[in-house]
Amino acid sequence: MSDAPFPHPASRPQSPFGPPPNADRDPLLADLTEPQREAVLHTEGPLLILAAAGSGKTRVITRRIAHLVRIGVPPWQILALTFTNKAAGEMRARVMELLGAGEEDRPPRGLTVTTFHSLCARLLRRYAEMAKLPGLKHDFTIYDSADQRSLMKRVIVEAGLNTSNWPPRSALSAISNAKNELKDAARFQAEAGDFYARNIAKLYEGYEKALRRAGAVDFDDLLMLTVRMLQTCDEARQEIQHRWRYLMIDEYQDTNHAQFVLASLLVGDGESALRADSSEESGENGSEIRSTGPNVCVVGDPDQAIYGWRGADIRNIMEFEEQYPGAAVISLGQNFRSTAPILAAADHLIRNNKMRKHKDLFTTSEGGENPEAILCRNEHHEADVVIDWLRARREESDGALQWKDMAVFYRTNALSRVMEDAMRDAGIPYVIARGTAFYDREEVRDALAYLRIVANPADDVSLSRIVNKPARGLGATTLAKIEMAAQRDGVAMLDALRSAASMHDLTARARSAAAKFIETLNGWTGDGAFMGAELSGSLRDLVERVVRESGLEKHYSARSKKGAGDEAADEDRVANLEELISSAAEFEQRYQADADPANDIPDDEAPESDDTPPLLAMLRAYLESVALVSDADKVDPEQGAVTLMTLHAAKGLEFGAVAMIGLEDGLLPHSRARESEAELEEERRLCFVGVTRAMRRLLMTCAAMRTHRGMRERAIPSQFLSELPQDGVVFSDQSAPEHEDGWDDPHDPVARLSEPGRSGAPVHRAPALQRAEMPYPPGAAVRHPQFGEGTVLSVMSAGANARAQIRFRHVGVKTLVLEYARLERIG
């Protein structure tokens with residue numbers, strides 16, 4: 001029998017974690033539902049787990065990993081991928097607990113639970129030079145969005161274009177979309193068919209060249225370059241496929257094309273690895289192990305696919321069974337989060353979508369309050385209604401909630417302003433989930449730029465940001481000369497700066513300042529060797545030295561004391577620099593060099609030792625962790641404050657009480673969904689995600705009037721409100737006080753939304769109006785009681801959801817729901 005590293009299940013060696021106990025008493029299976037247990041025990045071949053919201057998918061994934069290890073699969077052959085550092089960290093912690101590892105114990109050696117981008121960063125660092133990817137070395141820097149914008153501004157100017165006509169954000173968005181489709185600059189250029197595309201192609205080419213000159217990549221490069229490496233380098237691909245035999249992907253509905261191709265390359269066809277492991281066994285006993293296909297398990301829910309706007313492709317999960325014929329499919333429909341009334345409302349809503357894989361949503365928990373839907377007068381009244389509702393949840397005698405257990409969701413960030421004002425006025429603590437807010441602050445970005453220069457001397461963007469910050473005599477004129485010298489000699493700006501003493505066109509003051517800057521930098525790095533008695537012994541000490549010796553701390557501290565600027569802001573900046581030092585110290589405490597997936601491989605497969613100094617390796621890992629922070633990672637569940645956040649940022653979270661504001665046509669669903677059924681379905685999924693974040697109580701609000709660009713406009717309640725179960729939601733009209741606005745008309749949306757009812761009693765909708773056929777074909781002349789005369793441009797949908805796009809003479813184009821529009825045809 002062969003000692004192959006991945007034996008067939010029938011011949012696997014006994015796991016060091018012990019044999020599985022009797023199934024009836026198995027702690028991995030005892031508290032699972034039957035579908036969950038089936039998913040955990042299904043270990044071979046492709047598997048699709050359709051995990052509804054709140055169905056315990058993380059429990060299933062972690063139990064499945066622990067089960068694989070327990071039955072003898074070497075941990076280093078298991079790879080689990082997710083989208084956020086928080087999710088990856090939680091999965092690792094749960095697996096350690098399941099396998100009996102305590103707080104001080106180390107995880108099973110080689111087990112890799114990480115994010116797509118983190119995995120790609122590590123694979124590129126290890127294999128980029130083997131794969132001979134042009135211009136890419138193992139010590140590259142990862143540019144975040146601010147770095148990318150700074151670089152793109154320079155590229156646009158160098159291309160002879162204007163940043164007003166070609167905004168860096170727009171150019172970067174077009175390039176990002178191309179990279180997500182795995183189109184490099186050459187392919188994009190070949191496909192560019194119009195003026196706009198040809199100019200974007202020129203910027204794409206210049207941007208890529210500038211990245212490589214700086215020894216840098218952006219987020220999209222991490223995926224695209226890894227895919228290219230796996231496609232073109234047989235040695236790297238075979239080694240990686242031989243390493244990881246069991247691939248699990250969480251939130252598969254959120255993968256884009258690049259991630260889809262990456263996953264396919266990681267698992268291969270399941271044949272080559274199996275042949276390698278079974279060749280000797282087949283030769284000895286004459287039998288042949290039959291492949292069941294690659295061992296890829298994807299977990300996701302098409303009903304929660306809400307990231308199409310950033311490249312996610314719902315077809316990846318919808319067509320999984322076509323990609324892997326014979327794949328097993330297991331549905332997890334039981335919800336452990338929400339009460340039955342909330343779940344019923346969500347189920348009723350999402351059944352209106354066609355692009356989905358149906359699964360029955362249910363819960364075994366009984367009871368619970370019906371969700372509430374309130375029509376408010378305007379956005380200020382809406383905020384007051386939400387405040388009162390949150391206070392009521394705080395003061396309930398039966399199971400009162402803390403502020404941290406509540407959240408307010410909105411479709412767009414612009415909706416938060418009025419809500420924030422109301423929170424402050426009411427004295428309710430709140431926090432806005434803004435993603436990488438701390439690391440976006442000016443002083444923090446400055447300190448990080450210094451650290452990036454320490455980690456990667458070729459990083460011209462970071463050098464340009466801080467070489468004269470604080471001012472040290474290296475102004476714009478001096479920098480321009482240094483940059484010209486760097487371009488002329490084909491070297492990095494820092495190398496040109498090191499040669500400033502021989503640049504006679506620089507002033508004596510500039511040459512002295514350059515020498516002093518280089519001396520400071522050399523002091524931090526030990527002249528690049530990261531060795532010597534004067535060198536910092538820890539990451540925390542290094543960051544503290546950079547903050548102090550760069551002059552940043554002194555600069556902001558002096559400003560705060562002298563009152564040279566905003567005193568409070570400058571004090572905050574000093575505090576933020578101190579917090580950055582704390583951040584580095586915390587990272588250092590939990591950092592484990594051998595936890596890097598590029599290093600934690602079996603001894604017989606280990607590469608030659610890496611000569612990167614430990615402190616430099618830790619610094620690079622720290623900067624990488626900062627660059628990979630995401631929205632969900634920044635939500636602190638321990639804060640005693642209400643969380644305000646977008647519906648997109650709410651994905652994956654849960655709260656005892658949730659208020660969703662702004663459920664109006666043009667907001668949710670978003671205006672861009674008016675002419676696209678696919679986008680309308682994604683908006684409905686987004687609403688579904690918001691509803692299913694609520695555990696015990698749910699409030700949905702819309703306003704009869706809402707201010708837009710300083711003007712009050714009538715609003716139309718979202719069609720999603722009409723798709724909720726009429727007998728399972730408490731509908732309440734609280735817009736009545738504004739009779740002067742005309743909302744007492746029995747045929748307007750207020751009457752359609754609700755009927756007046758006793759306080760605290762369920763209020764159900766009036767029966768739907770019997771709408772006669774309304775002949776409003778395109779070109780028809782109509783009159784509206786508020787907007788005046790106009791011409792019908794188009795009619796969309798049919799029945800109760802029929803909408804007309806009308807160009808009014810004085811107010812422009814409006815989209816109206818015909819059932820409520822009160823139109824009069826005049827020609």
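A salt bridge here is a side-chain nitrogen of Lys or Arg within 4 Å of a carboxyl oxygen of Asp or Glu. I keep that cut-off at hand for the entries below. The model is predicted.

**Entry: Lys469 and Asp446**

I looked up Lys469 first. It forms a salt bridge with Asp446, and the closest N and O atoms are 3.1 Å apart. Lys469 lies in the loop between helix H20 (460–466) and helix H21 (476–489), while Asp446 belongs to helix H19 (residues 442–455), so the pair ties together parts that are 23 residues apart in sequence. Lys469 counts as partly exposed, at 23% relative accessibility. Asp446 is buried, with a relative accessible area of 0%.

**Entry: Arg684 and Glu723**

Next I took Arg684. Its side chain meets that of Glu723 in a salt bridge, 2.8 Å from N to O. I placed Arg684 in helix H29 (residues 677–691) and Glu723 in the loop between helix H30 (719–722) and strand S17 (730–733), so this pair ties together parts that are 39 residues apart in sequence. Are these two residues buried or exposed? I find both Arg684 and Glu723 buried.

**Entry: Arg424 and Glu420**

I then turned to a pair within one helix. Arg424 and Glu420 meet through their side chains in a salt bridge of 3.9 Å, N to O. They are 4 residues apart in helix H17 (residues 416–426), which means about one helical turn separates Arg424 from Glu420. Arg424 is partly exposed at 47% relative accessibility. Glu420 is buried, with a relative accessible area of 13%.

**Entry: salt bridges overall**

How many salt bridges does a search of the whole structure find? I get 57.

**Entry: aromatic rings**

I searched the whole structure for aromatic pairs and found 11. I looked up Phe83 and Phe116, which form a tilted pair: 5.3 Å centre to centre, with 50 degrees between the planes. Phe83 sits in the loop between strand S2 (78–82) and helix H3 (85–98), and Phe116 in helix H4 (residues 116–127), so the pair ties together parts that are 33 residues apart in sequence. Phe83 is partly exposed, with a relative accessible area of 24%. Phe116 counts as buried at 1% relative accessibility. I also recorded one aromatic cluster, formed by Trp166, Phe195 and Tyr196.

**Entry: charges over rings**

I looked for arginines over aromatic rings. Arg125 lies over the face of Phe140, at 4.0 Å from the ring centre. The charged end of Arg310 sits over the ring of Tyr307, 3.9 Å from its centre.

**Entry: helix H1**

Last, I checked helix H1 (residues 34–41). Which of its residues are buried? I list Gln36, Ala39 and Val40. They cover an arc of only 100 degrees around the axis, so they fall on the same side of H1. I then asked what covers the buried residues of H1. The cover includes strand S1 (47–51), helix H2 (57–70) and strand S8 (328–332).

Key:
Residues are numbered from 1 along each chain as its sequence is written. This is a predicted model: local features need pLDDT of at least 70, side-chain atom pairs count only at pLDDT 80 or more; totals for chains, interfaces and linings use all residues. Side-chain values use heavy atoms; hydrogens and water are left out. Buried means under 20% relative accessible area, exposed over 50%, partly exposed in between (1.4 Å probe, protein chains only). Helices (H or I, at least four residues) and strands (E, at least two) are DSSP runs, numbered from the N terminus. The arc is that of the directions from the helix axis to the C-beta atoms. Contact means heavy atoms within 4.5 Å. Rings of Phe, Tyr and Trp (its six-membered ring) pair if their centres lie within 6.5 Å; planes under 30 degrees apart count as stacked, over 60 as edge-to-face and the rest as tilted. A charge sits over a ring if NZ of Lys or CZ of Arg is within 6 Å of the ring centre and within 35 degrees of the ring normal.
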